[in-house]
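Please read it beside the sequence and the coordinates.

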Amino acid sequence: MTSPDELRDEQLVELCRQGQRHYFDVLVRRYMEKAFRIAFDFTRNTETAKDLSQDAFLRAFANINQFDGRSSFYTWFYRIVVNLCLDHARRRNRVAWESLDRITEEAGEHKELADSTFAPDQQAIASEAKRRVDHTLETMPNKQRTAFLLRNHQGLSIADVAKVMKTTEGTVRVYLHRAVAALRQSLLETV
Amino acid sequence: MKNAMPLQSACKEFEEDLVLYYYGETSDDDSRRVGQHLSGCLRCQGFLDDLQRLLPQMARSEELPQSFWDSYYRETVAKLAQQDERQHWWRSLIPQMKIWMVPAFGTVAMAVLVIGLLFGKGNLSSFTVRPAEKIPHEILADENQLQFFESMDLLESLGKLEAQDEQKPEALSPQSGRVRLQTGTA
């Protein structure tokens with residue numbers, strides 16, 4: 001007999017639709033890390049990312065009958081996560097990603113940025129670079145940021161990013177290029 | 001971002017292609033074209049090297065302990081169960097209901113309806129006629145005025161009839177004239 005973990009997403013969705021709710025738990029286990037990572041990339045806050053990604057699972061389950069199967073489950077689900085994150089960002093309506101104090105505090109936690117093998121001036125430059133990248137990501141238009149985070153951080157193909165964002169692949173390419181250009185510009189200003 | 005070195009500028013016409021080339025999103029033709037250009041352009045090679053060095057670091061995220069994911073999973077499943085319970089609380093009643101209970105409930109409901117109709121038949125007036133004491137005073141006052149206006153209309157009609165009779169005295173016999181006189185005096 002096939003284990004639930006071996007079932008494809010669409011099979012699990014179909015079983016959920018038939019009232020076997022516990023099969024949705026398999027989808028939770030399968031996508032919880034990715035959902036959390038997306039939410040964290042948008043919010044940079046562990047608790048908020050946890051709440052938003054869990055909320056995405058609740059919404060996906062509540063609307064499981066609306067999933068028409070034209071796209072894959074994960075693009076449908078990613079869209080729910082991204083929309084929740086963007087709604088959250090709009091509600092907060094703030095310009096800065098984090099306060100300067102918090103950035104300074106976290107700079108010590110990011111070992112890749114503040115590596116002890118580097119001289120203090122290099123560490124300072126790395127911290128500043130990180131701060132600028134974070135700030136640029138936070139302040140860039142939502143569509144560019146979404147395209148960049150989904151492609152660069154989540155590893156979705158441009159075709160899948162286009163499905164999540166409900167736009168064309170050409171448009172995603174433009175968003176991606178603009179996002180990379182903006183990030184590159186912010187790093188150029190650092191050095 | 002470990003090495004925050006100055007970034008190389010790419011040839012303008014190849015910059016977007018190089019970003020897509022880095023992500024492996026160029027078509028075969030574009031890949032060949034970009035590859036040929038890269039073999040002879042140090043600036044674009046430097047730009048691509050920068051992308052390969054920086055973009056993966058931006059995507060790097062903190063590793064969370066397994067206990068975090070265990071807790072996350074348990075919480076999410078619990079929330080799903082709560083949501084499911086809220087949405088379908090009535091479903092819990094179904095397994096408790098035996099099959100014979102459905103017609104039994106229907107029969108009881110019909111019996112209650114019939115008894116209600118039979119015994120409540122003579123008392124329908126209590127639902128349709130409102131007791132006078134419950135009628136507001138404003139409406140009662142309007143009712144008195146209505147009676148007044150009705151009696152005024154009656155008197156006016158009588159006056160018109162009398163006027164018509166006076167206009168046709170020749171058509172009336174002396175007997176009927178007496179009658180009119182008696183009516184007028186009355």
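Chain A holds 9 helices and 0 strands, where helices (H or I, at least four residues) and strands (E, at least two) are DSSP runs numbered from the N terminus. This is a predicted model, in which local features need pLDDT of at least 70, side-chain atom pairs count only at pLDDT 80 or more, and totals for chains, interfaces and linings use all residues. Residues are numbered from 1 along each chain as its sequence is written, while chains are lettered from A and ligands numbered from 1 in the order in which they are written.

**Fold of the two chains**
- Read from the N terminus, the elements of chain A run α-α-α-α-α-α-α-α-α, and buried residues (20 or more other C-beta atoms within 10 Å of the residue's own, with C-beta atoms placed from the backbone) make up 36% of its 191 residues.
- Chain B has 8 helices and 0 strands, and buried residues account for 12% of its 186 residues.
- Taking contacts (C-beta atoms, placed from the backbone, within 7 Å) between residues at least 6 apart in sequence, 59% of those in chain A join residues at least 24 apart, and in chain B the share is 60%.

**Confidence**
- The mean pLDDT (the predictor's confidence in each residue, from 0 to 100) of chain A is 84, with 82% of its residues at 70 or more.
- Over residues 95-116 of chain A the pLDDT is below 50, although this stretch has 26 contacts in the model beyond near neighbours in sequence.
- Where pLDDT is low, the predicted coordinates should not be read in detail.

- α3(A), with 17 residues, reaches 24 Å from its first C-alpha to its last, close to the 24 Å expected at 1.5 Å a residue, the expected span being 1.5 Å times one less than the number of residues.
- Among the buried residues of α3(A) are A:L52, A:F57 and A:F61, and the buried residues of this helix pack against α2 and α4 (73-92) of chain A together with α4 (66-87) of chain B.
- α3 (residues 42-59) of chain B has 18 residues and reaches 26 Å, close to the 26 Å expected; its buried residues include B:F47, B:D50 and B:L54.

**Contact between the chains**
- In all, 37 residues of chain A are in contact with 26 residues of chain B.
- The elements giving two or more residues to the chain A side are α2 (24-43), α3 (46-62), α6 (120-139), α7 (142-153) and α9 (169-190), and the largest share, 9 residues, comes from α2(A).
- By class, that side has 20 nonpolar, 5 polar and 12 charged residues, with Ala, Val, Leu, Ile, Met, Phe, Trp, Tyr, Cys and Pro counted as nonpolar, Asp, Glu, Lys and Arg as charged, and the others, Gly among them, as polar.

Definitions and conventions:
Contact = placed C-beta atoms within 7 Å.
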